[in-house]
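This report describes a few local features of one protein model. Look at the sequence and the structure first, then read the sections in order.

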Amino acid sequence: MNLIKNSFVILFFSLLTLKLSDIAFGSFQDGWLVNSSLSKGTARAITLREFNPNQIAIIRPTNHYMQGVENLEEMDYPVNIDKNGFIKTGNPKAENPEIKILFLGGSTTETLFVPEEQRFPSIVERTLREKLDQDIEVYNSGVSGNNSMHSLLILLSKGIPLKPSHSVLMHNINDFGLLFKSESYWVAPISRSLLLDSKLLTHKTIEDTTRTKVFNFLKSAKNILFPNLYIYLRPRLLVNIELHIDEFSSFREKKFDDLNIEAYEGQFSSALISFIELSRAWNIKPILMTQANRIDPSEPYFQKWFEDNNQGEMNIEQFAELYKTFNNIIRKIAQEKEIVLIDLDLLIPKTNEFIYDTVHLNDAGSILAAESISAALIKTIK
């Protein structure tokens, strides 16, 4: 016992002597020697908003979601994610694709509430294979909530290594919504931030505090242990249990008169130009798409949607005009940079026959969009 005690005493005083010697040595130097090497940035990281690779899931719109839409079928929608975090098209995989097309965007590209083989990237892939008689691969990197800066990071980090021949970008409302509320791509709720610091989390929202490690652990356990039972029981037993999260709750205090509209337009333009130039630098042909929508102040559904969604001090006419301005910026940049523009804003009728809420395509809208996109791509490729 005395041997152990004496050993600890010797160790303690040895370490103390070493530390005091180091402090004394440092006091004779020009500056205080804090570290012998620089730490690498592991606490902070750029956010890659993507689906986790190699997932197989079935999703279903919630009761709350269905209350705010028109002409959307309440059913199970399969979603399969490939090894790169892209949504699979459901088509047979091309062995040696001669042409690769990468679609980038938010939920309007993602098109989750459309049957797998009716999502427009899937239809485009089949159409191009048939019309061009070539092996063609299409990648759907759409993720709900992503803006053009998120898509830029996706292109840079995992899009370019695929060596796509074409990259197709469709953004509007997510960029417009963020810039209106926070005035910058670099100021956002944690769930949409470009840069995260695990030690200093700012702009906390309800979503940020609920998605804890325990929550994620239980969610993973559910997916492993009883995913099929959950899919069956969820709509039957948890009908009235909904978790409504407003991730922008702390950003809804802007007054329209205080908005710097020119600065927002400039940031969106810069993001689009960055996408174009990055694509060209890697021998990828960039294509821009405007966003189909029903954002019209005279449209009854949009009037109701606007009333149900808090847009701060902005009135319905101002909201619609700014949204229209962002589509016009897409047109302007495409013309200035001399690249292909697919104008879905003009090509898709603004009715619930094709769009089930303000901007999301239903089955018919996805099919119609695929026809326009396929025609433009065939012309471009030929």
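## A serine in helix α6

Ser182 is placed in helix α6, which covers residues 173–182. The model is a predicted one. With a relative accessible area of 9%, Ser182 is buried, because the cut-off for that class is under 20%.

## Aromatic pairs

A pair of aromatic rings is described by two values, the distance of the centres and the angle of the planes. In the whole structure, a search finds 14 aromatic pairs. One of them is formed by Phe176 and Phe326, with 5.6 Å from centre to centre and 50° between the planes, and this pair is tilted. The pair links distant parts of the chain, since Phe176 belongs to helix α6 and Phe326 to helix α12 (residues 316–336), 150 residues apart.

Another pair is made by Phe302 and Phe306. Their ring centres are 6.2 Å apart and their planes lie at 55°, so the pair is tilted. The angle decides this, because planes under 30 degrees apart count as stacked and those over 60 as edge-to-face, with the rest as tilted. Phe302 and Phe306 are four residues apart in helix α11 (residues 300–308), which means that about one helical turn separates them. Phe302 is buried, with a relative accessible area of 0%. Phe306 counts as buried at 14% relative accessibility.

## The aromatic cluster

Which residues form one aromatic cluster? The members are Phe176, Phe268, Phe302, Trp305, Phe306, Phe319 and Phe326. Both pairs described above have their residues in this cluster.

## A lysine over a ring

Lys158 lies over the face of Phe86, at 4.5 Å from the ring centre.

## The cavity

How many cavities of 30 Å³ or more does the model have? The count comes to one. The space in the largest cavity is about 30 Å³.

The largest cavity is lined by Thr108, Met170, Gln291, Ala292, Leu344, Val359 and Leu361. Sorted by class, this lining has five nonpolar residues, two polar residues and no charged residues.

Methods:
Residues numbered from 1 in each chain as written. Predicted model: local features only at pLDDT ≥ 70, side-chain atom pairs only at ≥ 80, totals over all residues. Heavy atoms only, no water. Helix = DSSP H or I, 4+ residues; strand = E, 2+ residues; numbered from the N terminus. Buried < 20%, exposed > 50% of the residue type's maximum accessible area, 1.4 Å probe, protein only. 1 Å grid on protein atoms, 1.4 Å probe; cavity = no way out; pocket = protein on both sides within 12 Å on 5 of 7 lines; lining within 4 Å. Points joined across faces, edges and corners; volume = space filled by probe spheres on them. Nonpolar A, V, L, I, M, F, W, Y, C, P; charged D, E, K, R; others polar. Phe/Tyr/Trp six-rings, centres within 6.5 Å; stacked < 30°, edge-to-face > 60°. Lys NZ or Arg CZ within 6 Å of the ring centre and 35° of its normal.
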